[in-house]
Amino acid sequence: MAVQRSTLQWLCSLLVLVGVANALKFDLVAHSGGESHKKERCIRNFVGQETLVVVTAKIDGSKGDGMVVNMHVRDALGNEYGRPRDIVGESRVTFQSHTDAAFDVCFENLLSGSRRPNPASRHVELDIDIGADAKDWSAIQATEKLKPVEAELRRIEELTEEIVHEMDYLRQREQKLRDTNESTNNRVKWFGVTTTWILIGLWAWQIMYLRAYFRSKHLI
């Protein structure tokens with residue numbers, strides 16, 4: 001029992017470290033708004049189809065300080081999942097992914113009014129939870145009347161299933177890439193063989209043509 005508990009504690013510590021590693025902090029510099037799409041700060045992540053994602057952003061500052069921070073959550077296929085405006089404090093966007101695709105969480109900091117703050121930047125703390133990490137396990141534990149260890153084991157079980165699913169997806173992608181490489185190599189091989197026979201035929205035709213030409217001129 002003690003060994004199982006120590007193993008569980010080790011796994012929980014590892015998962016906590018992974019969750020902390022997903023948090024990102026940076027300073028967002030304000031700009032006047034010209035060509036704002038080129039001055040966005042974007043963070044990209046990949047998510048599988050029908051996967052729960054929770055994006056939590058904490059922005060410092062206050063409204064009316066001369067800056068307006070907007071957030072835009074979208075995927076690479078053009079699907080939009082949220083566009084909070086004028087964020088101060090904590091803002092959360094929760095969505096279910098439509099397909100297997102990368103999604104972007106983009107921020108822009110616009111100067112507003114005549115006031116020019118110093119420094120002209122906002123501090124952003126971003127946390128992205130995907131899959132099992134995005135679920136409210138405290139609510140699940142209370143609803144299903146689970147013990148803390150049981151709730152943690154459920155969370156670890158779902159994380160393990162997600163890892164297995166991700167490995168299967170990577171295996172399928174690797175198989176498709178391998179098939180594509182083999183098909184490309186086969187086409188290149190036959191292209192090389194065809195080109196070689198064409199060159200041999202052209203070389204034979206040139207010899208025959210030159211022999212006929214020299215004979216017509218009585219040179220041979």
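How many disulfides does the structure hold? The structure, a predicted model, holds 1 disulfide. The legends below begin with an overview and then turn to single sites.

**Figure 1. Overview of the predicted model and its secondary structure.** The secondary structure of the protein comes to 3 helices and 8 strands. Read from the N terminus, these elements follow the order α-β-β-β-β-β-β-β-β-α-α. The protein has 220 residues, of which 28% count as buried. Its accessible surface comes to about 15,200 Å², and carbon and sulfur atoms account for 57% of that area. Where contacts join residues at least 6 apart in sequence, 75% of them link residues at least 24 apart.

**Figure 2. The disulfide between Cys42 and Cys106.** A disulfide is a covalent bond between the sulfur atoms of two cysteines. Here the S to S distance between Cys42 and Cys106 is 2.1 Å. Cys42 belongs to strand S2 (residues 41-47) and Cys106 to strand S7 (residues 101-111), so the pair links distant parts of the chain, 64 residues apart. The disulfide is right-handed because the torsion about the S-S bond of Cys42 and Cys106 is about 110 degrees. How accessible are the two partners, Cys42 and Cys106? Cys42 is partly exposed, with a relative accessible area of 37%, whereas Cys106 is buried, with a value of 1%.

**Figure 3. A salt bridge between Arg122 and Asp65.** Side chains of opposite charge can pair when their charged atoms come close. The structure holds 9 salt bridges, and one of them joins the side chains of Arg122 and Asp65, with an N to O distance of 3.0 Å. Arg122 lies in strand S8 (residues 121-130), while Asp65 lies in the loop between strand S3 (52-59) and strand S4 (67-75); the pair therefore ties together parts that are 57 residues apart in sequence. Are Arg122 and Asp65 buried or exposed? Both Arg122 and Asp65 are buried.

**Figure 4. A salt bridge between Arg155 and Glu152 in helix H3.** The side chains of Arg155 and Glu152 meet with an N to O distance of 2.8 Å. Because these residues are 3 residues apart in helix H3, about one helical turn separates Arg155 from Glu152. Arg155 and Glu152 are both buried.

**Figure 5. A salt bridge between Glu80 and Arg83.** In this pair, the side chains of Glu80 and Arg83 meet at 3.0 Å, N to O. Glu80 counts as partly exposed, because its relative accessibility is 49%. Arg83 is also partly exposed, with a relative accessible area of 41%.

**Figure 6. Asp86, a residue with positive phi.** Phi of Asp86 is near 50 degrees, a positive value in a residue other than glycine. Where is Asp86 found? Asp86 is part of the loop between strand S5 (80-82) and strand S6 (89-96). With 26% relative accessibility, Asp86 counts as partly exposed.

**Figure 7. Lys145, a residue with positive phi.** Although Lys145 is not a glycine, its phi is positive, at about 55 degrees. Lys145 sits in the loop between helix H2 (137-144) and helix H3 (148-216). Is Lys145 buried or exposed? Its relative accessibility is 75%, so Lys145 counts as exposed.

How values were computed
Residues numbered from 1 in each chain as written. Predicted model: local features only at pLDDT ≥ 70, side-chain atom pairs only at ≥ 80, totals over all residues. Heavy atoms only, no water. Helix = DSSP H or I, 4+ residues; strand = E, 2+ residues; numbered from the N terminus. Buried < 20%, exposed > 50% of the residue type's maximum accessible area, 1.4 Å probe, protein only. Salt bridge = Lys/Arg side-chain N within 4 Å of Asp/Glu carboxyl O. Contact = heavy atoms within 4.5 Å. Areas by Shrake-Rupley, 256 points an atom, 1.4 Å probe, with all protein chains shown as cover. Disulfide = S-S within 2.5 Å.
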